[in-house]
Amino acid sequence: MAHSHHHHSPLQVTEEHQGFRRGAAFIIGGLTSGHGVFHWLTQSFIVVLPEVRDLLLGGSVIATTSIQTTREVASGVVSLPGGVLTDALRRHWGWVMAVCMALFGVGWILMAAGGWTVPGSSWFTAEQAASQSSGDLNVLGYILLLVGMAVVGMAASFWHLPAVAALSAQFSHRRASVLSFHGVGGNVGDVIGPVLTGLLLSVLTWQGIITIYGAVPVFLAFLVFWAFRDIGQQRHGEEQQRPASTMRHQIDETKILMHNGRMWGITAVAGLRGMAYIGFITVLPLYLADELGLRLQDGEGGFENLFYRGSLIGLLVLVGIFASPVMGYLSDRFGRKLVLIPGMAVLAVLTFLMASLGDTLTGMTILLAGLGLFLYSDQPILTASAMDIVREGTAATTLGLMSTSRFIFSAISPLIAGALYTINPDNLFYYTTGLYVAAIVILFFIRLPRATPPPAEDGHHDHGHQHAHASTENPAAGEHEHGHGHDHDHGEGHRH
């Protein structure tokens, strides 16, 4: 009887709902596109930070970087409880993602409202744009920026929990590959957003651009709900043999998760990587404007400068569109460490070289292109590494724990990077390099199971084999019987 139910449940779901919305292409494509929207707006704001600093914040680097700190704090506050809640309210994931998309747009509109508080502000960039600023920090505008960014951070953080958990559960045998492809959607947004924003800055004010951008997610929220309103109701493999989660069950699962030593090691690495990334990407546009002169000159012209600034930030991501899925595939085939450690080592070397070679447009262009090969590819692999060693029913909780850890680490990083930058611009690169090195050292001592492709059988049998392979394959060093037992407890122990 259990066997009959095991096969009948997914058939009922398919018959009741639109068939094409159940397809892998639609699910992956839709969630990847939504991911791209979040990154498009976020990375676009990075490009306009020099204008925000100069026209609204009185030239204060610390006030400027504190905007990103606010985003990290707000994201971290909701991540862990949001993960537990997401697992418990799985049937309502469609509503969760639709609300998050709408709030994301509202947050950006609030931030744009901060820009409109500048006296004499207009839609179009004036030749006297720089003279509109009084030279003092605009308190009301600053508050609106912080509130808006807090809303943006919470909405983006919450969106990722059901989205990534759904992909991880439904494509468990290709987890790193699918999550890397999902990351590509973010990368596309990261490329298009900065380049388009750099072009628009030559004719529109930054607040005008963000106002237009902010309206897009509000309208997309309706499409998101239609597309994914029942995505949390699909249950695959082992999940069909388990009852739906309750809040008490999720709290118990979270307590077990908290005692997983390797999980804490992975979250520490993800946290240091988050520190390195957010500090670097926040201050980089200031460096490009101040040290390479990529800014509006006396409020006129500057089309090429603004285009170059947006393009350099986009270039940082462009190569990752092609590299990230390759890295995910390689980690699925040959092991997580074999990809993660060399990739982080390259990031450390290239970032260090920026201190001596990044003071020219040519040098910075080459180094950013190289950096992009690995900068965005390791986060989905770290996520897949965590999913390899935890219980299937705690996917969103695991994501929430990793996100909270990353945000705790990252929250202070823009302020540190900004303070070091004001002392010496090259300090940005030394600081980021040090964080990469620390992450490599920790990762070296973490035992990670190697995820191997499942045999070509039906889906639910594959799922079981996948866990077995993940448990028994050894990493680069020293994971024998102890590793097997640990994976068994935290990966499949709930079945017995």
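These are legends for a handful of close-up views of a predicted model. Because the model is predicted, local features need pLDDT of at least 70 and side-chain atom pairs count only at pLDDT 80 or more, while totals for chains, interfaces and linings use all residues. Residues are numbered from 1 along each chain as its sequence is written, and side-chain values use heavy atoms, with hydrogens and water left out.

**View 1. R53, D54, D290 and R295 are linked in a network of salt bridges.** A salt bridge here is a side-chain nitrogen of Lys or Arg within 4 Å of a carboxyl oxygen of Asp or Glu. R53 and D290 meet through their side chains at 2.9 Å, N to O. R53 sits in helix α3 (residues 49–55) and D290 in helix α10 (residues 261–290), so this pair ties together parts that are 237 residues apart in sequence. R53 is buried at 5%, D290 is partly exposed at 30%, and R295 is partly exposed at 24%.

**View 2. R71 and E72 pair up in a salt bridge.** Their closest N and O atoms are 3.2 Å apart. Both R71 and E72 are buried. The structure holds eight salt bridges.

**View 3. Helices α7 and α11 pack against each other.** Helix α7 covers residues 175–200 and helix α11 covers residues 303–334; their axes are 7 Å apart, at an angle of about 175°. That makes α7 roughly antiparallel to α11. For the geometry, axes are lines fitted to C-alpha atoms, for helices over the stretch in contact, and angles run from 0 to 180 degrees between N-to-C directions. Angles under 35 degrees count as roughly parallel, over 145 as roughly antiparallel, 65 to 115 as roughly perpendicular, and the rest as oblique. Sorted by class, the contact of α7 with α11 has 16 nonpolar, 11 polar and three charged residues. The nonpolar class is Ala, Val, Leu, Ile, Met, Phe, Trp, Tyr, Cys and Pro, the charged class is Asp, Glu, Lys and Arg, and the others, Gly among them, are polar.

**View 4. S331 in helix α11.** S331 counts as buried, with 0% relative accessibility. S331 and S177 are 154 residues apart in sequence, yet their C-alpha atoms are 8.4 Å apart in space.

**View 5. W40 in helix α2 (residues 24–47).** W40 counts as buried at 18% relative accessibility.

**View 6. R91 in the loop between α4 (61–88) and α5 (93–116).** This arginine, R91, is exposed, at 52% relative accessible area. R91 and D230 are 139 residues apart in sequence and 6.8 Å apart C-alpha to C-alpha.

**View 7. V349, F352, L353, L357 and Y430 form a nonpolar surface patch.** Together they have about 460 Å² of accessible area, computed by the Shrake-Rupley method with a 1.4 Å probe, where for residues only the protein chains shown count as cover. Patches are made of residues with over 30% relative accessible area and no salt bridge; like charges are joined within 9 Å, and nonpolar side chains (Val, Leu, Ile, Met, Phe, Trp, Tyr) within 5 Å. Helix α12 (residues 336–357) gives the largest share, four residues. Y430 lies in helix α17 (residues 427–444) and counts as partly exposed at 42% relative accessibility.

Technical notes:
Helix = DSSP H or I, 4+ residues; strand = E, 2+ residues; numbered from the N terminus. Buried < 20%, exposed > 50% of the residue type's maximum accessible area, 1.4 Å probe, protein only.
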